[in-house]
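Work through these exercises with the structure open beside you. Try each task before you read its solution.

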Amino acid sequence: LIVPAGPGGSHDLTGRVFTSVIPAYLGQAMIIKLVPGAAGQVGSAQAAKAPADGYTLLYSADLIDQLPQYTTKPPYSPDDFISVAQINTQSQSLIVRSDSAIKSYKDLVAAVKQANGAMKFVHSGRWGPSFIVGARLAQKESLKFNYTAFRGGGPSMRALLAGDGDFSAQAASVISSQAGKVRPLASAGNKRLFKDVPTFVELGYPEDMGVLRRVVFAPKGVPADRLRVLREAFSKMQSDKTYKRLMTRVGANLEFMDGASYEKLRPDQGQFYKTLVNNLTK
């Protein structure tokens, strides 16, 4: 299982959960290979070039799948993959260190405006999920700040904690692992993830703000019988109590969708990211 992200991030954490459980339903082990770089493009390209035999999979996301075709010239295309299953969704939150003088979203906006470009926003890579949260924040509130990229959610979180940045956007699973070292200011989704912390929707953002769909893909051309085995294994795993408990513990939203259904969403996702890029770059 190629994970196109660095160690310690939400992709790594959730991937290690389901690869520890799915052997009971697949009949063999699933081994993670971390391949970070270029906001998921390096690992995705490696998966696209793998034999389409069902033995190499990609643990990706809607953003990595559909966005790069509008921002750069990636060494792969969405057409190189077919969906096995949507495993879960990730909710991003804006955060600062717990010792920061910034106590709320309103405080953050005021501080960034006063700093006039001097504050550092640390993120997981250009056009990655946290980068987009920062970019949409800047767009909505007419803000200027310094974008500082790191290779994945884990490294960017460590940079924030080390004082190499002023604020960040991180997955709930990564935030929950920090035991009070950071302070959430706003979170994705329609329901509050943290007590007394507003959602982006409450702050006037659209419902898709900060929400990432995590998906397992296979290289296009995988034999139908092997794709069926993979899809059935992921579907059966959803009723596993250990799987549910562990995924909840790392802060993942258990929103499963079978591969055939997810395939129908991908064209609309592509159009969404095309519009998003046009709005952010015009």
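**Exercise 1.** Is R136 buried or exposed? Then find its salt-bridge partner and say how the pair sits in the chain.

*Solution.* This is a predicted model.

Step 1. Take the relative accessibility of R136, which is 10%. Buried means under 20%. R136 therefore counts as buried.

Step 2. Look for the partner. The side chains of R136 and D208 meet in a salt bridge, with 2.9 Å from N to O.

Step 3. R136 lies in helix α7 (residues 129-141). D208 lies in the loop between β8 (182-187) and β9 (211-219). They are 72 residues apart, and the pair links distant parts of the chain.

Step 4. Check the cover of the partner. D208 has 31% relative accessibility and counts as partly exposed.

**Exercise 2.** Which residue forms a salt bridge with D12, and how many residues apart are the two?

*Solution.* Step 1. Start from the general idea. Side chains of opposite charge can pair when their charged atoms come close.

Step 1. Find the contact. D12 pairs with R16, and their closest N and O atoms are 2.6 Å apart. The cut-off for a salt bridge is 4 Å.

Step 2. Count along the helix. D12 and R16 both belong to helix α1 (residues 10-21) and are four residues apart, so about one helical turn separates them. Residues three or four places apart in an α-helix point the same way, because there are 3.6 residues a turn.

Step 3. Compare the cover. D12 is buried at 6% relative accessible area, whereas R16 is partly exposed at 44%.

**Exercise 3.** How many residues of α1 are buried? What is the reach of the helix from its first C-alpha to its last?

*Solution.* Step 1. Count the buried residues. They are nine of 12, and α1 is mostly covered.

Step 1. Name some. Among them are S10, H11, D12 and T14. F18 and V21 are also on the list.

Step 2. Check the length. α1 reaches 17 Å, close to the 16 Å expected at 1.5 Å a residue.

**Exercise 4.** Which residue forms a salt bridge with R266, and which network do they belong to?

*Solution.* Step 1. R266 pairs with E263, the closest N and O atoms being 2.9 Å apart.

Step 1. The two are three residues apart in helix α12 (residues 259-281), which means about one helical turn.

Step 2. R266 is buried at 6% relative accessibility. E263 is partly exposed at 27%.

Step 3. Salt bridges with shared partners join D65, E263 and R266 into one network.

Technical notes:
Residues are numbered from 1 along each chain as its sequence is written. This is a predicted model: local features need pLDDT of at least 70, side-chain atom pairs count only at pLDDT 80 or more; totals for chains, interfaces and linings use all residues. Side-chain values use heavy atoms; hydrogens and water are left out. Buried means under 20% relative accessible area, exposed over 50%, partly exposed in between (1.4 Å probe, protein chains only). The expected span of a helix is 1.5 Å times one less than its number of residues.
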